[in-house]
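Here are my notes for a first reading. Please keep the model open while you go through the points.

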Amino acid sequence: MFTALKKIQKAEGVDPSEFEETVAQAMFDLENTNNELKGDLKDLFINSATQIDISGGHKAVVIHVPYRLRKAYRKIHVRLVRELEKKFSGKDVILIATRKILRPPKKGSAAKRPRSRTLTSVHENILEDLVQPAEIVGKRVRFRLDGSKVMKVFLDPKARNDTEYKLESFSGVYRKLCGKDVVFEYPITEA
């Protein structure tokens, strides 16, 4: 018997929260009712889901997907997010691959840490996942006089229609996940 609980797989002994069950149920319903997503969603599942409050009373739904399934999710990203945003009306839906940060190896240890498991690499990849389907075309770090840092991220203007209404959600979610202030913009093109 297939149920919505097949759409969420957590670590052993950890039960999904009520909100995670509603997200899994929404994905299960999409798989059963939406013909264009049915084949693509068949083998996909999620790890967790959270709801994050953004400034101005706005909310975002952050869905963590397994790292090994991120390419399959990217193929159907635009359609899946559009359908999930219809189900969670008034909330921006963001898909992020689950990644692991390893601590640096101890001095004298022969073990090497892969570059993809460093804090910097994980934060950069979260940023790329966050702005899907847009691409990052430039980054600037601005140091203010009081010592604070603000990162400016320039997105590809081609995806402006898909992502422009979510820019505030992007910066709020990135601040919550990584603790860094980010401003998302589109580069000014000179005609």
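1. Start with a term. A salt bridge is a side-chain nitrogen of Lys or Arg within 4 Å of a carboxyl oxygen of Asp or Glu. Side chains of opposite charge can pair when their charged atoms come close. The side chains of Asp129 and Arg99 meet in such a salt bridge, at 2.6 Å from N to O. This pair links distant parts of the chain: Asp129 sits in helix α5, Arg99 in the loop between β3 (91-97) and α5, and they are 30 residues apart. Helices (H or I, at least four residues) and strands (E, at least two) are DSSP runs, numbered from the N terminus.

2. A word on the source. This is a predicted model, where local features need pLDDT of at least 70, side-chain atom pairs count only at pLDDT 80 or more, and totals for chains, interfaces and linings use all residues. Residues are numbered from 1 along each chain as its sequence is written, and side-chain values use heavy atoms, with hydrogens and water left out.

3. Asp129 has a further partner to check. Asp129 also forms a salt bridge with Arg74, with the closest N and O atoms 2.7 Å apart. Asp129 lies in helix α5 and Arg74 in helix α3 (residues 70-75), so the pair ties together parts 55 residues apart in sequence. Shared partners join Arg74, Arg99 and Asp129 into one network of salt bridges.

4. Buried or exposed: which is Asp129? Buried means under 20% relative accessible area, exposed over 50%, partly exposed in between (1.4 Å probe, protein chains only). Asp129 is buried, at 4%. Arg74, at 35%, counts as partly exposed.

5. How many salt bridges does a search of the whole structure find? The search finds eight. One of them pairs Glu85 with Lys166, the closest N and O atoms being 3.3 Å apart. Glu85 lies in helix α4 and Lys166 in the loop between α6 (160-163) and α7 (167-178), so this pair ties together parts 81 residues apart in sequence. Both Glu85 and Lys166 are buried.

6. Now the helix packing. Helix α1 (residues 18-33) and helix α4 (residues 77-87) pack at an angle of about 120 degrees, with their axes 11 Å apart. Axes are lines fitted to C-alpha atoms, for helices over the stretch in contact, and angles run from 0 to 180 degrees between N-to-C directions. The contact (heavy atoms within 4.5 Å) includes Ala26 and Met27 of α1 and Leu80 and Leu84 of α4.

7. Last, the backbone. A cis peptide bond joins Gln132 and Pro133, with omega about 5 degrees. Pro133 lies in the loop between α5 (119-130) and β4 (136-143).
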